[in-house]
Amino acid sequence: MSKHQYAMVMDLNKCLGCQTCTIACKKLWTDRDGTGYMYWNNVETRPGLGYPRQWDRIGGGWKDGLLQPSPLPTMDDYGHAWEYNYEQRLYEGKKQPVMPSPEPESGVNWDEDVGSMNEDENYFFYLPRICNHCTHPACLEACPRKAIYKRDEDGIVVIDQERCQGYRYCIKACPYKKIYFNEVTGKSEKCIFCYPRLEKGQVNACAAQCPGRLRFVGILDDPESPVHKLVLVHKIALPLFPEKGTQPNVFYVPPFNPPKRDNYGKSIQEDPRVPLDYLIYLFGPEVKDVIVRLEAELKKTQEGGRSEALQLLIGRDAETRYRVRPQLVQIQL
Amino acid sequence: MRTRQFVITVSVGLVLSTVWAQTGAKPAAGQSLPVPASSASADALLNGGPGAWSQIAVKHVALNRTPPLYDTDEPAPPEIPSLDVRAARSGGKLLFQLSWHDPTRDAVTLAEVPNTPPETRFRKVPTEADDRFFDAAAVMFPEKSDINTIAPSLQMGDAEHPVEIYYWNATRGAMVMQAQGRSTTKRTGKPFPASSSYQNDRWNVIFELPDLAAGTTVAFAVWNGSQKDRDGRKYFSVWQVLE
């Protein structure tokens, strides 16, 4: 257990699927050889296959105190990174149109906006994902090289590139499949929660670039941080697949917007756009309590009151959404 | 999990301590490895065809399979029961020829990384299959040459008895490693001369080591990529004593 724990909350009601976070991360961290297919941050459409395909169904995590390694995802599951023939088209005067190569057959958000049907009405929402920097990381436990460690000062889980030998036990163990193998270097890589930025007092690149302002960052045990308030005080944010036993430190405000057309007077639970079963699948049964709490806060404001939780979720400015100044690592509990 | 690993470690330790007892100060006669001086040069042995090695007797070394680390590991029935080893001294070098039957050749040719900064490259190097592992082999011997009386732990030595490991990988080439027990392997980044060929479902890999004194113990290991072998998931021999 680390002394402090950085955490992130993402309000899924605000995510517009623009992938700006994906690109911010991609350009900053995975613009190197062997990282073509890697997305330390990705936004997938739910319901959907996800990235890598079916990551939520192939296994990993803990069961009864034992690791449950899954099969390794294949490159087909991730989707081969394709490039475009810009050179021929733009510089060599070839007439053929700009085409991707190799022929795309899957990708990081392949089934974008496809969604599913609920009583003849289509629904979908976007799910941004990064490494969860778990309190009980399966990847760390699975590594026979002890190349993965959890930073004592902030709980960020990183891979020591000197020690890693690319055995990929960590990939099999992670239930979120948020570790990637770089075949060029022969080592595994993952989201580092932008710790070099945090150490300079700058928030994670994915959060800084998000036009939807849906990400909240801070130290979970810092009572002044927005993540502490959303997760522990208002209790309106939940981790993904809590039953996997890794105790993730990325939390989500579950999606229930936009409301259905004729839901005036009906509660979200009575007339949900996203079926509750699906939300329970993602966030566990506690999601029902979260929706009840969110509805109560909505009602309060509709009746002219003020909701601290909703004001926080609006997140008007960076001071509200982030509390990452380096000295916060020194907070006294 | 820690408890389980502890149990596995202890049980492996028990098995290996039995082995160790057999390979200690007085190795069994069957575990000695003849090392004739060869009239062929070290380069000829390293690069030569069968002719360079044909005069040297083959030692059949039995291989053992490491136990699985996790219950959920894919089972890997033993496919490689033994290793054919030839050893020779030439020109102050010690050469080993390791040959074993492996019906699948698990190796890829990695794309060359252009020697230019990534931002100036027009195309990024695409990764090969992500879920593949590669055939490999290794020769391990004690780092300290004055410990002929006792062989280090077969689990890659221990703190008092560090080992050197000459590791060859079908995709990534040859590299010297050091270890002081399980999970302590250090890649030195230092290459060593090695050559390899794959024919008729057999790997034939030649290692060139610095000369080791008679009485030094050496052990061998083989990884089968198609069985997802890597790390301790491998085939290993007990210590052999150089003649």
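Visitor: What makes A:Val9, A:Val217, A:Leu240 and A:Phe283 stand out in the largest nonpolar core?

Guide: Bear in mind that this is a predicted model. The largest nonpolar core has 90 residues, and these four have the most contacts inside it. The word "core" applies because its members are buried nonpolar residues joined through side-chain atoms within 4.5 Å. In soluble globular proteins, nonpolar side chains tend to be buried together.

Visitor: Which residues does A:Leu240 contact, leaving aside its neighbours within four places in sequence?

Guide: The partners of A:Leu240 are A:Trp55, A:Leu127, A:Arg129, A:Tyr176, A:Pro248, A:Val250, A:Tyr252, A:Leu282 and A:Phe283. Each counts as a contact because heavy atoms come within 4.5 Å. Apart from this core lies another, of 32 residues, with B:Leu33, B:Leu83, B:Phe96 and B:Tyr166 among them.

Visitor: What makes the pairing of the B:Asn224 side chain with the B:Glu79 side chain a polar contact?

Guide: The distance between them is 3.0 Å, and the limit is 3.5 Å for a pair of N or O atoms, one able to donate a hydrogen and the other to accept it. The side chain of B:Ser226 also makes a polar contact of 3.0 Å with that of B:Asn224. Beyond four places in sequence, B:Asn224 touches B:Glu79, B:Ile80, B:Asp102, B:Thr104, B:Asp106, B:Asp135, B:Asp229 and B:Tyr235.

Visitor: Why is E2(A) described as largely enclosed?

Guide: Because 5 of its 5 residues are buried, E2(A) is largely enclosed by the rest of the structure. A:Asn42, A:Glu44 and A:Arg46 point one way, while A:Val43 and A:Thr45 point the other. E2(A) runs antiparallel to strand E9 (residues 125-129) of chain A, joined by 5 bridges. A:Arg46 has A:Phe125 as its bridge partner there.

Visitor: What covers the buried residues of H1(A)?

Guide: The cover includes strand E2 (42-46), helix H6 (195-198), helix H7 (205-209) and strand E14 (215-219) of chain A. The buried residues of H1, which spans residues 20-29 of chain A, are A:Cys21, A:Thr22, A:Ala24, A:Cys25, A:Lys26 and A:Trp29.

Visitor: How do you know that E12 and E13 of chain A count as paired strands?

Guide: Two strands pair if there are at least two bridges between them, and E12 (residues 179-182) and E13(A) have 4, in the antiparallel sense. They therefore meet the criterion. One bridge sets A:Ile179 against A:Lys190 in E13(A). The hairpin they form has 4 residues between the strands, and A:Gly186 takes a positive phi near 75°.

Visitor: Why are E14 and E15 of chain A said to stand at the edges?

Guide: The open sheet has 4 strands in the order E14-E1-E16-E15 (chain A), with mixed pairing. E14 and strand E15 (238-239) each have a single partner strand, so one side of each is left without a neighbour in the sheet. Helix H8 (residues 226-233) of chain A packs on this sheet, touching E1, E14 and E16, and its direction makes about 95° with that of E14(A). Within the sheet, E1 (residues 6-11) and E16 (residues 250-253) pair in the parallel sense over 4 bridges, with A:Met8 opposite A:Val250.

Visitor: How many helices and strands does chain B have?

Guide: Chain B has 3 helices and 14 strands. Of its 243 residues, 50% are buried. Among contacts between residues at least 6 apart in sequence, 67% join residues at least 24 apart.

Key
Residues numbered from 1 in each chain as written. Chains lettered and ligands numbered in written order. Predicted model: local features only at pLDDT ≥ 70, side-chain atom pairs only at ≥ 80, totals over all residues. Heavy atoms only, no water. Helix = DSSP H or I, 4+ residues; strand = E, 2+ residues; numbered from the N terminus. Buried < 20%, exposed > 50% of the residue type's maximum accessible area, 1.4 Å probe, protein only. Axes fitted to C-alpha atoms, helices over the stretch in contact; angles between N-to-C directions.
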